[in-house]
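Subject: Structure handover

Hello,

Here is the structure for you to take over. My notes follow below it.

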Amino acid sequence: MEQVSIVLGVIGSDCHAVGNKILEKVFSDAGFKVVNLGVMVSQDEFIHAAIETGAKALVVSSLYGQAELDCPGLRQRCQERGLPDIILYIGGRLVIGKHHFKEIEDKFLKMGFDRVFSPDCNLDEAIGLLKQDITQRWGSAAG
Amino acid sequence: MGVRRRIGQMATQRILSIDIGSTYTKGAVFLYDSATDGLSLDGMASVSTTCDNIGTGFGRLQEKLPRADVCCYSSSARGGLKIAAIGLVPELTLKTAQLCAMSAGGRVTGVYAYKLTAADITEIQNLRPDIVLVCGGTDGGDESYVRHNIQRLSDLDDSYAFIYAGNRALRDFVGKTLSGKEVSVTENVLPELDRPNIEPARRTIRDVFLEKIVHGKGLSQVIERAGSKPLPTPYAVYEFIKAFGCYAPEWNSFCVVDMGGATTDVYSCCEGAPSEANIIYKGVPEPTVKRTVEGDLGLRVSAAAAWQAGSAYWSRCFDDGGAALEAYASKLHGRTSLLPETDCERNYEAALAAGCFHLAIKRHAGTLHRIFTPMGEKFVQEGKDLRGVRQIIGTGGYLARHPFPSRPDGGVFQGHQEAIGLSPAQAEYWRDEQHLFTLLANVYRLYPRQAVETALTVIKKSNDHPIIHVGGVPV
């Protein structure tokens, strides 16, 4: 069965590279074809990569607290560029200051993300959810 | 190589090398001596290319030159090799398709991203490219856009040569949909986003040129006379440049600028990767040997377009805001055989050449954008960093005959203010005084090492401009 492509990257001006490498390894091991754009990835770079590779999901990371500035409009941009159904995940340290995770989650769900993950989330669970979401929306799962 | 084996024990061999250009056909005979295992020049000549019959010029040139044992030649006549490049995302497969077409010696006459429209098909019909290079989708990636485009292209008549170098999954579909047409299928130019693969498509372009296109370029009679087929001139030069590092290790980071009447070609041979830890590379990696063709930068047919391209710069260089230069450029546009007669016109010519030279390199080179992050100042690099380039070779009619065309104002071209150009910072300027570079590129096919060594003896380091600055800030 053909592998499902996902696009991975750290959005905005964020240069945190270690977590990005870990995610690449974990998602690849789980059977996904990972298109890793590395650090400092713009919204358009995510979208271009998804169009060219036919990816089913964008997995966005942010660890520097500026995701609130980097992410608005991503869903709308995807819609505009012909990717209305693409799955959008985001995870990391998304905002500055102390907040309940629920608040942060609500904020990013409202922005158009399908799921939001805290910095201490369980990656196995995230992978399970991604496979489930892909099957539901696209009718096939990775691996 | 077969020819060399056949000559086996021969002590000397005369090689006729000819370059058929749009305006001139140039030729030289080189003598290979097995005693010295080197090449020497045994005569050179040039005639004007006869538009109606390219074979006539070729024949006249052969008569002017000593008899040779073997002939190798290249052609950029009849507008060179015209290629329409089709991709998906402009910055990804389309950019790679363009790079591939230019590296194969082609002139990109049209670029098409995303879905082809009926108007695009009409435009392709009007431009009549020799090759339609169809790319799009990484392997295992998008199929829908490419499927749509192939379907659209099936409306074109059977006279086009198609090369498919897109998503592997659609090869069968391409074969079926374009059945009855000339289609060559090769490896994807961008199988994965960070791993461009232009070499197979480059070779396919060359093969299609040799098999199907040479005859249409009025070369049938020449092929009969020479007993072999030509390569596109820039393809031969590209291969030649690629080999320099193998035979002359000190030539591992250099550029060649070939300025003609219609185009300015720039070749760079260097890695061009980020040189510092705080520089992050973005976009599809570019090849070590890269060729770009600037169709609007040239000293005759393209003079008026060149003035347009650099008008902001030239208006700063002259007291009259560049008006007289503009008039001179428009005059050249219509009368391509015109030569400058007065000192004033020679100055204009030099100013135009300077503009074409610097602009062409600037467009070839990458850029750096400075950004401020919570982790401090960083730079984003797009394209190749040429700041470390050590030598630049100037060739083509003007650059071969004249001193380095330095900028009248000594300034640099201002592009986007926020971007830092990655043009060469301090490079030695070498001049191909005898205009033998392209002719040696042909000989390279038979005598690779000797051709490179000979090239390095015929090009001369410029006395008046030993070191040139092309706008890049030193690394």
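Is Val214(B) buried or exposed? Val214(B) is buried, because its relative accessible area is 0% (buried means under 20% relative accessible area, exposed over 50%, partly exposed in between, with a 1.4 Å probe and protein chains only).

Before the rest, the conventions. This is a predicted model, in which local features need pLDDT of at least 70 and side-chain atom pairs count only at pLDDT 80 or more, while totals for chains, interfaces and linings use all residues. Residues are numbered from 1 along each chain as its sequence is written, chains are lettered from A and ligands numbered from 1 in the order in which they are written, and side-chain values use heavy atoms, with hydrogens and water left out.

Around Val214(B)

Val214(B) sits in the loop between α7 (199-213) and α8 (220-226) of chain B (helices are DSSP runs of H or I with at least four residues, strands runs of E with at least two, numbered from the N terminus). Setting aside neighbours within four places in sequence, Val214(B) is in contact with Phe209(B), Leu219(B), Ile223(B), Lys229(B) and Pro230(B); contact means heavy atoms within 4.5 Å. Ser75(B) is 139 residues away along the chain, and its C-alpha atom is 9.0 Å from that of Val214(B).

Chain B as a whole

Chain B has 16 helices and 21 strands. Its C-alpha trace spans about 60 × 60 × 45 Å along the principal axes. Of its 475 residues, 55% count as buried. Among contacts in chain B between residues at least 6 apart in sequence, 73% join residues at least 24 apart.

The interface of chain A and chain B

Chain A puts 21 residues into the contact and chain B puts in 23 residues. Together the two chains bury about 1700 Å², 61% of it on carbon and sulfur atoms (buried area is the accessible area, with a 1.4 Å probe, that two parts lose on being put together, summed over both). In chain A, Met40(A), Ile51(A) and Glu52(A) lose the most area to chain B, together 37% of what that side buries.

On the side of chain A that touches chain B, β2 (33-36) and α2 (43-53) of chain A each supply at least two residues. The most comes from α2(A), with six residues.

Regards
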